[in-house]
Amino acid sequence: MPTQIIGCTVAMSTTLIAGLTIKCVAKHKLDFASFFFPPGAPIGLAPLLVPVETISFFSRAVSLGVRLGANLTAGHMILHIISDFGAQMLASGTAGGAIGGVLCTAALVPVCILEMAVAVV
């Protein structure tokens, strides 16, 4: 899946942040720059605060992409582990293995629902 690749999710989130920034600049014009200098801060701190706030603003896109990619990868790994464990239990040929295998297979349903919810968010 393309969303499992960290670079793909970072690119999508960067595009989203860039689009929102362009829309905000178009709507608020120069007032958008006030976002990078908190109200009530001393003017003398402006050379320090503005670069820090700018880096913080644009690092959100990378953070969002990495978190989304990590969550999707973790979910896929959990699905793989549970399904492999259930298949091995079913292949054991015992009654306990059959019961455990069915329970593992049943556990995949809520995990799949959670995966879809993460993908939608």
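Helices H2 and H3 run roughly antiparallel to each other. The reason lies in the angle: H2 (residues 46–91) and H3 (residues 95–120) pack at about 165°, and an angle over 145 degrees counts as roughly antiparallel. Their axes lie 8 Å apart. The crossing of H2 and H3 is left-handed. By class, the H2 contact with H3 has 16 nonpolar residues, nine polar and one charged.

This is a predicted model. Its average pLDDT is 85, and 97% of the residues score at least 70. Confidence is highest in H3, at a mean of 88. Confidence is lowest in helix H1 (residues 6–28), at 85.

H1 packs against H2 as well. The two axes come within 8 Å and cross at roughly 145°. This crossing is right-handed. On the H1 side, the contact is made by Ile 6, Thr 9, Val 10, Ser 13, Thr 14, Ile 17 and Thr 21. H2 contributes residues including Phe 57, Phe 58, Ala 61, Val 62 and Gly 69. The residues of the H1 contact with H2 divide into 11 nonpolar and six polar, with no charged residue.

Now return to H3, where Ile 113 sits. Is Ile 113 buried or exposed? Its relative accessibility is 51%, so Ile 113 counts as exposed; the cut-off is over 50%. Ile 113 and Gly 69 are 44 residues apart in sequence. In space, their C-alpha atoms are 17 Å apart.

Key: Residues are numbered from 1 along each chain as its sequence is written. This is a predicted model: local features need pLDDT of at least 70, side-chain atom pairs count only at pLDDT 80 or more; totals for chains, interfaces and linings use all residues. Side-chain values use heavy atoms; hydrogens and water are left out. Axes are lines fitted to C-alpha atoms, for helices over the stretch in contact, and angles run from 0 to 180 degrees between N-to-C directions. Helices (H or I, at least four residues) and strands (E, at least two) are DSSP runs, numbered from the N terminus. Angles under 35 degrees count as roughly parallel, over 145 as roughly antiparallel, 65 to 115 as roughly perpendicular and the rest as oblique. A crossing is left-handed if the near helix is turned anticlockwise from the far one by less than a right angle, and right-handed if clockwise. Ala, Val, Leu, Ile, Met, Phe, Trp, Tyr, Cys and Pro count as nonpolar, Asp, Glu, Lys and Arg as charged, and the others, Gly among them, as polar. Buried means under 20% relative accessible area, exposed over 50%, partly exposed in between (1.4 Å probe, protein chains only). pLDDT is the predictor's confidence in each residue, from 0 to 100. Contact means heavy atoms within 4.5 Å.
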